[in-house]
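Open the structure in your viewer and keep the selection panel at hand. The tour goes stop by stop: select, look, move on.

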Amino acid sequence: MELRKRHKAHARPLKNLEERYDWYARAIELEAPARAGAWIETYCPAARELHLDLGCGKGQFAVAQAQRHPDVLFVGLDYDRTCIALAAQKACELELGNCVFALADGEDLTTYFGLEELSRIYLNFSTPHPRKKHAAERLTHVDQLIAYRDLLAPGACIEMKTDSPPFYEFSLVQFELAGYDIAWKTTDLHALDADSPVTEYEERLCALGAKVHACCATKADRPFTNEQTAELSLFEYLPEDLDTLEYVPYGMEGYVFNTKNRRAKEQARLL
Ligand SMILES: C[S@@+](CC[C@H](N)C(=O)[O-])C[C@H]1O[C@@H](n2cnc3c(N)ncnc32)[C@H](O)[C@@H]1O
């Protein structure tokens, strides 16, 4: 499968990557389109539901969920080859029969899953792509959310978690446009629910002071539109006074650092 070239690797390259794809082949799917409509039948006929961890990274969350819910098939999907190898290793070492990892681009989701095949989509710490020109690559962009609608079973939901208040605010508008209802939302998930499995990024970013912003959206039976109303640059969602930020969201560190520096220099020139 030809994956897009423009993406930042999320895991350090591994020397024996090709061999790992052989060792852990049982938990790796390289031809996701061939499985559309038949994931459960192919991988875990006893499963009652299929859940997708979209942008699964190194698989910690999907593997933990698969251990907790043996009657659900978990598919982790990521376009990073190293992440998929590491995730599949975890599933194989734990001998999980209900967890598989697909190397694929999440922007093409409608070619990998059949109508109403998914009972849940997890969007955990999706890459925020803060610049306006990359807004369409966000996995919660209205065009993506509209595309997911056909794949969701009745009563299915999308759960998102992020460290980024700007990405969260942007995404809430996208859910509204794409005709989803928000079943619940929070700006501090850990204060509400300490029991849900954490992801690799969640561990790392919470240790730096992040609060997990999260919501759960269900497909509503009402009109939807892809006429964008949200501000597309995530930088515009930051407070004017950047010194008030207690935590700088992942992906915005460079912008905040440079903007503070530039403003300090402008200030110094005025003195
Ligand atoms: C910030 S990491 C989060 C990983 C994991 N969900 C976590 O919470 O630790 C974002 C992941 O999404 C993947 N990703 C981003 N856009 C994607 C896309 N269009 N298709 C597949 N994977 C994507 C990246 O390769 C990366 O592994």
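This is a predicted model: local features need pLDDT of at least 70, side-chain atom pairs count only at pLDDT 80 or more; totals for chains, interfaces and linings use all residues.

**Stop 1: the ligand**

Select the ligand and the residues around it. Which residues of this shell come nearest? The shell has 22 residues, and Gly55, Asp78, Gly106, Thr199 and Tyr201 come nearest.

Now show the polar atoms. Start with Gly55: one of its backbone N or O atoms lies 2.7 Å from a ligand nitrogen. Go on to Asp105, where a polar side-chain atom is 3.1 Å from a nitrogen atom of the ligand. Then pick Thr199. An N or O atom in the Thr199 side chain sits 2.7 Å from a ligand oxygen. How much of the ligand does the protein bury? Taken alone, the ligand exposes 590 Å², and the protein buries 99% of that.

Colour by secondary structure next. Strand β3 (72–78) supplies at least two residues of the shell, and so does helix α8 (200–207).

**Stop 2: aromatic rings**

How many aromatic pairs does the structure hold? There are 7. A pair of aromatic rings is described by two values, the distance of the centres and the angle of the planes.

Select Phe61 and Tyr122. Their ring centres are 4.8 Å apart and the planes meet at 70°, so this pair is edge-to-face. The pair links distant parts of the chain. Phe61 belongs to helix α3 (residues 60–68) and Tyr122 to strand β5 (residues 118–124), 61 residues apart. Both Phe61 and Tyr122 are buried.

Move to Phe175 and Tyr180. Here the centres are 5.6 Å apart with the planes at 75°, so Phe175 and Tyr180 are edge-to-face. Phe175 is buried, as is Tyr180.

Arg149 lies over the face of the Tyr180 ring, 5.8 Å from the ring centre. For another such arrangement, select Arg138 and Phe170: Arg138 lies over the face of Phe170, at 4.5 Å from the ring centre.

One more selection with rings: Trp39, Tyr43 and Phe113. These three form one aromatic cluster.

**Stop 3: the cysteines**

Show the cysteine sulfurs. How many disulfides does a search of the whole structure find? It finds 0.

Cys56 is buried, with 6% relative accessible area.

Then select Cys99. The closest cysteine sulfur to that of Cys99 is in Cys56, at 8.5 Å, which is also too far for a bond. Cys99 is buried too, at 5% relative accessibility.

**Stop 4: His51**

Select His51. His51 is part of strand β2 (residues 49–54). Is His51 buried or exposed? Its relative accessibility is 7%, so His51 counts as buried.

**Stop 5: Leu177**

Finish at Leu177, in helix α6 (residues 165–177). Leu177 has 9% relative accessibility, so Leu177 counts as buried. Now pick Ala66 as well and draw a distance between the two C-alpha atoms. Leu177 and Ala66 are 32 Å apart in space, C-alpha to C-alpha, and 111 residues apart in sequence.

Conventions. Residues are numbered from 1 along each chain as its sequence is written. Side-chain values use heavy atoms; hydrogens and water are left out. A disulfide is a pair of cysteine sulfur atoms within 2.5 Å. Buried means under 20% relative accessible area, exposed over 50%, partly exposed in between (1.4 Å probe, protein chains only). Rings of Phe, Tyr and Trp (its six-membered ring) pair if their centres lie within 6.5 Å; planes under 30 degrees apart count as stacked, over 60 as edge-to-face and the rest as tilted. Helices (H or I, at least four residues) and strands (E, at least two) are DSSP runs, numbered from the N terminus. A charge sits over a ring if NZ of Lys or CZ of Arg is within 6 Å of the ring centre and within 35 degrees of the ring normal. A residue is near a molecule or strand if one of its heavy atoms lies within 4 Å of it. A polar contact is a pair of N or O atoms within 3.5 Å; within protein, one must be able to donate a hydrogen and the other to accept it, and residues adjacent in sequence count only if both atoms are side-chain atoms. Accessible areas come from the Shrake-Rupley method with a 1.4 Å probe; for residues, only the protein chains shown count as cover.
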